[in-house]
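Please open the model in your viewer and keep the sequence beside it. The tour moves from one selection to the next and says what is found at each stop.

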Amino acid sequence: MTRLLPALAFAAASGLAAGQAAADILIEDAYARSATPLAKTGAAFMVIRNTGAAPDRLIGATSPAAMRVELHTHVEAGAVMQMRPAEDGFAIPAGGSRALARGGDHVMFMGLTAPWADGDTVPLILDFEEAGEISVELPVDRTRPAGPDG
């Protein structure tokens, strides 16, 4: 099932009035997972859709579910793929989208403050260059198979 979380629904929580830039960002099919229920790290995946006429950029994220949250990407180093912080964030083109998916760009949670079990929810605040902060509640889904690219 696809979960659609319009940014406008979170505008009141972030102090934005209806019609401001956050209304242009939609978070779709968002979920979180950790390797095991007792893992110290986890990740979040989603599709970020920009319905606006101007590009935006995801520049950071925070959550009380972890001691540190970073935007990460995978880069090829020789014949090995390595995970690295995405220092410049992720561009979200005007009228386009950006997938954060397993094996690629994602939100990384380090130092989890509690175990994640299927059915739990993880609060996450995404920080966009133009849209500002958008709050999302991510369902934990450790059983979802990886997509075709990861």
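The stops below cover charged pairs and then aromatic rings.

This is a predicted model, in which local features need pLDDT of at least 70 and side-chain atom pairs count only at pLDDT 80 or more, while totals for chains, interfaces and linings use all residues. Residues are numbered from 1 along each chain as its sequence is written, and side-chain values use heavy atoms, with hydrogens and water left out.

**Charged pairs**

Begin by selecting E28 and R49, whose side chains meet in a salt bridge with N and O 2.8 Å apart; the term stands for a side-chain nitrogen of Lys or Arg within 4 Å of a carboxyl oxygen of Asp or Glu. This pair links distant parts of the chain, since E28 belongs to strand 2 (residues 25-33) and R49 to strand 3 (residues 41-50), 21 residues apart. Strands here are DSSP runs of E with at least two residues, numbered from the N terminus. With a relative accessible area of 14%, E28 is buried, whereas R49, at 32%, is partly exposed; buried means under 20% relative accessible area, exposed over 50%, and partly exposed in between, using a 1.4 Å probe and protein chains only.

Next select E70 and R68, which form a salt bridge whose closest N and O atoms are 3.0 Å apart. E70 is partly exposed at 21%, and R68 is partly exposed at 46%.

Then turn to R144 and D141, where the salt bridge has an N to O distance of 3.4 Å.

**Aromatic rings**

How many aromatic pairs does a search of the whole structure find? The search finds two, where rings of Phe, Tyr and Trp (its six-membered ring) pair if their centres lie within 6.5 Å, and planes under 30 degrees apart count as stacked, over 60 as edge-to-face and the rest as tilted. Select Y31 with F45, a tilted pair with centres 5.3 Å apart and planes at 45°. Y31 lies in strand 2 and F45 in strand 3, so the pair ties together parts that are 14 residues apart in sequence. Y31 is buried at 6%, and F45 is buried at 6%.

Finish with F109 and W116, an edge-to-face pair with 5.1 Å from centre to centre and 80° between the planes; both F109 and W116 are buried.

Terms used:
Helix = DSSP H or I, 4+ residues; strand = E, 2+ residues; numbered from the N terminus.
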